[in-house]
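Reader: I would like to go through this model with you. Let us take the points one at a time.

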Amino acid sequence: MRRLNPSLVAGGLIVGLIVVMALVSFVWTPYDATLVDPVNRLAQPSWDHWFGTDKFGRDVLSQIMVGSRTTLFVGVVAVGVAAVIGVPLGILAAMARRWPAEIIMRTNDLLLAFPALLLAIMFGAVFGASTMTAMIAIGIASVPSFARVIRSGALQVMRTEYVLAARAAGRQPFPIAIRHVLPNVTSLITVQASVSFAIAVLAEAALSFLGYGTPPPTPSWGRMLQESQEFLFSAPRLAIFPGVAIAIAVLGFNLLGDGLRDRFDPKLEDRR
Amino acid sequence: MKSSLIRGTLPTRTVALVASAALLALTACSAGSSTSPGSSPGGDQSLSVGLVAEPASLDFTTTDGAAIPQALLGNVYESLVKQDESGKIVPSLAKSWTVSPDRKTYTFDLVDNAKFSNDKPFTAADAVFSINRVKSAWTVSLKSAMDVVQEAKALSPTQLQVTLTKPSNGWLFRMTTRIGAMFSETGVSALATTPVGTGPFTFAKWNRGDSIVFERNENYWGTKPFFNQITLKYFKDPTALNNALLTGTINVIGTVQAPEALSQFTGNDKYQVIEGTTNGEVLLSFNNALPIFSDIRTRQGIRQAIDHRALLDTCFAGRGKLIGSMVPPTDPWSEDLTNVAPYDLAKAKSLLQASGAAGKTLRLRLPTLPYAISCGQVVKSQLEQAGLKVVIDQQEFPAQWLTTVFKNADYDLSIIAHVEPRDLGAVFNAKYYTRYDDPTLQQYLAAADAGDEAAQIDNMKKAARRISEQAAGDWLFLLPNLIVADKNLKGLPQNAITENFDLTRLARS
C-alpha cells in the first residue's frame with residue numbers, strides 16, 4: 001500500500017477548504033460583503049463580526065469568503081488560458097521539424113523574458129483595469145512555462161517505441177499528438193496547472209493591490225490589502241486577514257503541485 | 001515583486017517562504033512610485049511638493065482638468081488680476097484699473113517691466129492677444145466666460161481697454177482664473193509641453209508619469225520666490241504620497257488623500273498640518289439629458305437616499321464640510337442648504353418607486369481618484385438600499401474620464417470634485433457634462449451677473465437654492481484643504497480658494 005503524500009494531503013485540504021468557502025459564499029455569507037455600514041466602521045473582531053469590519057463598515061469575513069471566488073475564478077481562467085495555448089505549443093514544438101520548433105521556442109523565450117506583472121500592468125493600462133484583463137494577462141504570462149514543460153515531456157514521449165512504431169506505420173502527426181503524446185503529458189499538465197494556479201493567485205492579488213486588477217466594490221484579497229494600508233498602525237488586522245488568506249492559498253496550491261508532482265513521478269516517489 | 005516568483009515551479013523548501021512573503025511583497029509594491037528629489041541643485045533652496053492627478057497636458061486652453069492651472073497658474077502664467085487669500089481681487093500684471101459708470105468699460109494700467117520667459121516684454125498688445133485668443137483658439141468650456149467681451153484694445157503699451165457687451169460682475173472675477181492668463185504671441189506654439197509665461201517660475205521639464213520641475217525666474221518683474229527650484233511630484237496612491245513625506249522624498253503633501261492616516265503627522269514635531277477649506281465641491285453628477293433623470297422624483301430620491309454625514313465619515317474620515325449646493329462657505333452668497341434634501345431612506349424609496357426608477361440599473365463611472373473610488377462604494381451601497389442598481393465602472397483619470405464622461409457625457413452618475421471658484425453657472429448648464437438645462441436657473445445667473453452687488457448676492461442665493469431644490473446633482477461634501485509639510489516651511493495657504501497651488505510664497509523659516 002502506498003504511503004500518504006503529506007504535501008498532497010495538506011495541499012488538497014487547503015485547496016478544498018478554499019473551494020468550499022467560495023461555494024458557500026454563493027449561498028451564504030455572514031453579511032452582504034459589499035454593504036456599507038457606517039455605524040459599524042472599523043469594528044473590532046467580535047461575535048457579530050468575527051474578523052471585524054473595514055473602514056466602510058463591511059464585514060471582513062464576508063469579504064474574505066467572497067474574495068475567494070475572485071481568487072479561484074482568476075486562477076481557473078488564467079491557468080485555462082495558459083494551458084489552452086501553452087500545451088499545444090509545447091507539443092507542436094516537440095513534434096515539429098527543427099526550424100519551426102526553434103521559432104516557437106525562441107518566441108517562447110522572448111515572452112518568458114517579459115516580467116509577468118509588467119505585462120499585466122500594460123494590459124491594464126491599455127484595456128482598463130478589470131478582473132478579465134488581469135486573468136488574460138496572467139494567463140498569457142504563464143504560457144511559456146506551460147509550453148516549455150510540456151515540450152520536454154512530449155520530447156520524451158516522442159522517443160518511446162510505441163510512438164516510433166506509430167510513425168513507422170504511417171500515422172499522421174495530429175493523431176499521434178492526440179492519441180499518444182497528450183495522454184502521456186497529462187500528469188505534467190496537472191502539476192504545472194497547480195503551480196501556475198498559485199502564481200496566478202499571487203499575481204491577481206498584486207495587481208489588485210496596485211489598482212490594475214479587480215475593481216471595487218467586488219471583494220478581492222489584494223484590494224483588501226491595498227485598502228488596509230491607511231490602517232496599518234491603527235487596525236493592522238485589516239491587512240493581516242487578507243494577507244494570511246493569500247499566503248494560505250499560495251501555500252495550498254504549491255503543496256498540491258508538489259504533491260502531485262511526487263505522485264506522478266515514480267522516481268521521486270521511490271526516493272521518499 | 002520579482003518575475004521569478006511568477007514563473008516556473010517553486011520547490012517545496014521555498015513554499016513556506018513564498019507564502020509568508022506574500023504580504024510583505026505586496027505591501028512593498030506601494031513604495032515604488034517616486035524617486036529622490038536630491039538631484040536638484042541649491043540644497044535648501046529646492047523643494048518638492050507631492051500632488052495627485054498629474055495633468056494630461058500642460059495646455060489648459062484646449063485640455064480640461066484642474067491639475068493644469070493648479071500647477072501653472074500664478075506660478076508660470078500670470079493674469080491681469082488675481083485673488084488674495086480672502087477672495088478679494090487684487091492687482092497682478094495690472095497695477096490698477098478703472099471701471100466706467102455704465103460698468104461696461106474696464107481700463108487697466110499694466111506693469112511696464114514684466115517679461116515672458118522667452119524674453120519678450122509683456123505689453124498691452126499681449127493682453128489683447130490673450131483675451132482675443134480665448135474666443136478664437138480655446139476649446140475648453142470655460143472659455144464662454146469671455147463671450148461678454150466686445151472688444152479689447154491696447155491704448156498704449158501699458159494701457160489696456162476692455163469693453164463688454166453688457167455689465168458683468170463675473171467677468172473681472174473670471175480674469176483671476178485660467179481664462180485670464182496672459183500669453184506671448186510668440187509663445188503659444190507648444191503650450192501642451194512648453195508653457196511660456198511672465199510668472200515667478202519658469203517651466204524647466206516634465207517627466208511624464210512622475211514630476212514637473214519649475215525654476216525660479218531670475219528676470220521676474222516682481223518679488224522673486226524663495227526657492228530656486230520646485231518639483232511637483234505626482235502620486236497615484238495616497239499611501240505612497242504619505243510615505244514620500246515620511247521618508248523625506250517630498251517636503252509637502254499638497255492635498256492629503258488618505259485622511260485616515262493623518263495621525264502619522266499630527267503628533268510629530270517634524271511636520272505641520274494645515275486644515276482649511278477649499279472650493280472643491282465633491283459632486284455626485286447626474287446625466288440630466290437621460291430620460292431617467294427627467295423626472296425630478298428620481299433626482300430627489302437619489303439625493304435623499306444618501307446619508308451625507310455617514311458618507312463623509314466613511315470615505316474622508318469626517319474631514320470636510322457638508323454642503324447642500326454648489327457654493328462653498330467662502331463665497332458671499334453661501335447659505336446652509338443641507339436641509340433641502342435630508343437623508344430619508346423611506347422617502348427616497350417612495351420617490352424612486354413613484355418615478356419608476358426603482359430597480360433600474362445606473363452606471364456610476366468613477367475617475368480613478370482616491371476620494372471618488374471611496375465615495376463611489378458608499379454611494380452604490382446607499383442607492384442600492386433605496387432600490388436602485390448601481391454598477392461601478394472605473395475610468396482612468398484624467399484621459400479616459402475626461403473623454404468618456406466629461407466630453408461625451410457617456411455616463412449615468414459620476415463623482416468628481418469641482419475646484420474652480422464660483423463655478424455654479426459653469427457646471428450646471430446644458431453644454432456641460434451635467435447637461436442641466438434650466439431656463440429659470442439661467443435667469444437667476446444672468447440677473448446676478450448684471451446686477452449690483454446686492455442683486456448679485458440675492459440672485460446667486462436663488463440659483464444655489466434652485467439647483468438644490470431641483471436636485472440637479474448631489475453635493476456629497478466640500479473637500480477640506482489638508483496640507484502636511486515640513487515644520488520649517490511657511491507660506492502655505494490656510495484655505496485653497498483659487499485654481500492654483502501658490503508656490504511663490506513658500507519659504508523656509
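Reader: Is G222(B) buried, exposed or partly exposed, and why?

Author: This is a predicted model. G222(B) sits in the loop between strand 9 (211-216) and strand 10 (229-235) of chain B. A residue is buried with 20 or more other C-beta atoms within 10 Å and exposed with 12 or fewer. Because G222(B) has 16 C-beta neighbours inside 10 Å, it counts as partly exposed.

Reader: What distance separates the C-alpha atoms of G222(B) and A114(B)?

Author: Along the chain, G222(B) and A114(B) are 108 residues apart. In the model, their C-alpha atoms are separated by 8.1 Å.

Reader: How many residues of domain 2 of chain B are in contact with domain 1 of chain B?

Author: The domain assignment gives domain 1 of chain B as 33-54 + 199-270 + 487-508 and domain 2 as 94-180. Their C-alpha centres lie 31 Å apart. On the domain 1 side, five residues take part in the contact, and they divide into one nonpolar, three polar and one charged. On the domain 2 side, the number in contact is seven.

Reader: Which residue touches V282(B), C375(B) and L476(B), among others?

Author: Not counting residues up to four places away in sequence, the residue in question also touches L284(B), L366(B), A372(B), G376(B) and V379(B). The residue is I415(B).

Reader: How far apart are the end C-alpha atoms of residues 188-211 of chain A?

Author: An unreviewed UniProt entry places the feature "transmembrane region" at several spans of chain A, including 108-127 and 188-211. Residues 108-127 are 85% helix and 0% strand, with end C-alpha atoms 23 Å apart. Residues 188-211 are 96% helix and 0% strand, and the corresponding separation is 34 Å.

Reader: Over which residues of chain B is the pLDDT below 50?

Author: Chain B averages a pLDDT of 89, and 91% of the residues score at least 70. The stretch below 50 has 78 contacts in the model beyond near neighbours in sequence. Where pLDDT is low, predicted coordinates should not be read in detail. The stretch concerned is residues 1-43 of chain B.

Note on methods: Residues numbered from 1 in each chain as written. Chains lettered and ligands numbered in written order. Predicted model: local features only at pLDDT ≥ 70, side-chain atom pairs only at ≥ 80, totals over all residues. Contact = placed C-beta atoms within 7 Å. UniProt positions renumbered as here; feature names shortened; annotations may be inferred. Helix = DSSP H or I, 4+ residues; strand = E, 2+ residues; numbered from the N terminus. pLDDT = per-residue confidence, 0-100. Domains from an automatic or database assignment. Nonpolar A, V, L, I, M, F, W, Y, C, P; charged D, E, K, R; others polar.
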